[in-house]
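Please read them with the sequence and the coordinates open.

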Amino acid sequence: MIPKTFKEVIDLGDGREISIETGKLAKQAHGSVVVQSGRCMLLCTVVSNYKASDVDFLPLTVDYREKFAASGRYPGGFFKREARPSDGEILTMRLVDRVLRPLFPKDYHSETQVMIQLMSHDENVMPDAMAGLAASAAIQLSDFPFECAISEVRVGRVDGQLIINPTREQLENSDIDMVIGASEDSVMMVEGEMGEISEEEMVEAIKFAHEAIKVQCAAQIRLAEAVGKKEVREYEVSAEEEELESRIREMAYDKVYAVAKDGSAKHERGAAFSEIKEEVKASFSEEEQEELGDLISKYYSKAEKAAIRDLVLNEGLRLDGRKTDEIRPIWCEVDYLPSTHGSAIFTRGETQALATVTLGTSREANQIDMPSYEGEETFYLHYNFPPFSTGEARPIRGTSRREIGHGNLAQRALKGMIPEDCPYTVRVVSEVLESNGSSSMATVCSGTMALMDAGVQLKKPVSGIAMGLITDTETGKYAILSDILGDEDHLGDMDFKVTGTADGITACQMDIKVKGLSYEILVKALNQAKEGRLHILQKLVDAIPAPKPDVKPHAPKMVTTTIPGEYIGALIGPGGKVIQELQKETKTTIVINEDPVTEEGLVEILGTDQAGIDAVLAKIDSITFKPEVGSVYEVKVIKILDFGAVVEYMDAPGNEILLHVSELAWERTDKVTDVVNLGDVIDVKYFGMDPRTRKEKVSRKALLSKPEGYKERPPRSDRGGRNDRSGGSKRPFKKRD
């Protein structure tokens, strides 16, 4: 029996559609949908346990996977099945998680899993732009306690025209690539990269995306109503005691306010807050602490948060004593590590990042192999966040999703400033050594300086800043915070990171936790961020005013050249013998890539010794040397034969040709050594291919004057021969019987 299905169609306005269908697949999940655009199909399922987990947070897992079968391909590697998620898949998980998580109740603690799978791929559709829509649509069909429908879209801009969910081809020509997540009434998440756009242009793109999201949210609601909206499940709600909350606030608020106003350093401040908390707990008996322990901690945290927020709103002061628009002290240093190709330290307050740069050939490019995209990155950035950076000791279990996300943001901030003609593959690694507020923006700053120190000719330096927002909906007060601390990140209503040059924004990441944030406040926040960015940018320029004119002496120098495709095999040699010996002799790395269009070979030569690079170039010139007919060349005699001399072109060592004995001189030459000897350097004229011998011909005598009275010898056919019937010797004809 064919199951009954329900479907909603969203018109994107340019002939493209997105459909949301349910009822056919994965019916045992608590909610499931198939979202389709063109031939791209995403299956999303959601399940949440009815029994709460024994934790004080929402154990939500968002999982996004792309199946290789979706694009008719096999997984790479030895084991032919999908394994750990790629960086691209993890970045999509983060985009969806950041929008969904705040919409679950704070006291909902049931294990919840959102699984999104790419089941069919369309090269003209980027699936990550529909993942948020699929997740929300599936949740709308469930009985989860979820606040409202949301969706996500990508925005591009080609030739000044904004586009919703552009194709990958359109995105290559776009100066905006942003993913926006929102509900019908509030923007909640923004992440992307831009080509030095203004703050006003960024807000315009967000507004454009929000209008499209409203349409997608309405479609989800219609689908849920058509299916039959389920009643929200009942779950165990955390106990609330207003009297207890009031008592703890009265004990803690003023003390926290005083400590916060004192402007002490992170560890001293943290110790003071811990002491206040212990005093609050000590005011309760052991029995009360055992019974109300979780509530005591919860209400103390609320009182602490309220006191710090009120200090900012009432007095314009922050935890470390700064004003709302004040940037922490900054110091920078470049060329700190003697053996790296480039290095820099950026320290802002209690946040410090040490960046290194490594230069390599195209062989070191980062290969991307996903069902939805295959390619490579010749510029990439890795971000490491060790536990000691926050004074903690905890196990290290591989690269975290946070590290991947922060590294990707910094990479997007910088990559547009790498010149198109940069011959190197460039890897930047940021080691976060201290962290108290936006280590990702410290990574952008240290990365900029390290690239300049390495001699990478950045188009413009890039800086970044993390901003915060505190609002009071009752009074209408709000405060925009520049260069936020780690504590301010948690207690604020918005945190966003903006990077850019002096001329515009290159990347951003924004999470908005308050409903209905006005675009007016958003524009003010972005403009305040610009002031902070420019202040930080000046500190970077003070440390290193411009990229170093050349790479360091110990760093590899890169030279690229092209050779005709017919010579690639000769340069490689049988079994790679020629290129391997050449690399060993010259202490260089040689990489050859064939252009599929022109079929030319692009040769990259990487080495620290210029003499070695020059030797490789000379060898390439020798291999690809092609003399021109009629030209005169200097050659060296390298071998004497009975019938001539083997000579080598002086301009192309290794290129040999036979100088026949008959071309040595106009006079008859009985012995080759009567005219030339081993090691002699002479001039010869090149005649190209001799049609008679079908070999290349050079001549010495062609450059000499004919002797007086010299007579040309007649051609062989004129001199007679055994086959010449007009004269000369003939073989008697004998008739066969």
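1. Axes here are lines fitted to C-alpha atoms, taken for helices over the stretch in contact, and angles run from 0 to 180 degrees between N-to-C directions. Helices (H or I, at least four residues) and strands (E, at least two) are DSSP runs numbered from the N terminus. The model is predicted, so that local features need pLDDT of at least 70 and side-chain atom pairs count only at pLDDT 80 or more, while totals for chains, interfaces and linings use all residues. Residues are numbered from 1 along each chain as its sequence is written, and side-chain values use heavy atoms, with hydrogens and water left out.

2. Helix H5 (residues 242-262) and helix H7 (residues 286-315) have axes that come within 8 Å and cross at roughly 45°. H5 and H7 are therefore oblique to each other, given that angles under 35 degrees count as roughly parallel, over 145 as roughly antiparallel, 65 to 115 as roughly perpendicular and the rest as oblique. The contact of H5 with H7 involves 17 nonpolar residues, one polar and seven charged, where Ala, Val, Leu, Ile, Met, Phe, Trp, Tyr, Cys and Pro count as nonpolar, Asp, Glu, Lys and Arg as charged, and the others, Gly among them, as polar. The crossing of H5 and H7 is right-handed; a crossing is left-handed if the near helix is turned anticlockwise from the far one by less than a right angle, and right-handed if clockwise.

3. H5 also packs with helix H6 (residues 266-282), at an angle of about 165° and with the axes 10 Å apart. H5 and H6 are therefore roughly antiparallel to each other, and the crossing of this pair is right-handed.

4. Helix H8 (residues 401-415) has 15 residues and spans 21 Å from its first C-alpha to its last, close to the 21 Å expected at 1.5 Å a residue, the expected span being 1.5 Å times one less than the number of residues. H8 is mostly covered, with twelve of its 15 residues buried, among them Glu403, His406 and Arg412. Buried means under 20% relative accessible area, exposed over 50%, and partly exposed in between (1.4 Å probe, protein chains only).

5. How many disulfides does the count give? The count comes to zero, a disulfide being a pair of cysteine sulfur atoms within 2.5 Å. For Cys508, the closest cysteine sulfur is that of Cys445, and at 16 Å it is too far for a bond. Cys508 is buried, with a relative accessible area of 0%, and Cys422 is likewise buried, at 18%.

6. Glu196, in strand S10 (residues 187-197), has a phi near 55°, a positive value in a residue other than glycine, and is partly exposed with a relative accessible area of 22%. Asp335, in the loop between strand S11 (330-334) and strand S12 (342-348), has a positive phi of about 55° although it is not a glycine, and counts as partly exposed at 37% relative accessibility.

7. Ala131 has its place in helix H2 (residues 131-140) and counts as buried at 0% relative accessibility. The C-alpha atoms of Ala131 and Phe79 are separated by 27 Å, with the two residues 52 apart along the chain. Gln457, in the loop between helix H9 (439-453) and strand S18 (463-471), counts as partly exposed at 39% relative accessibility.
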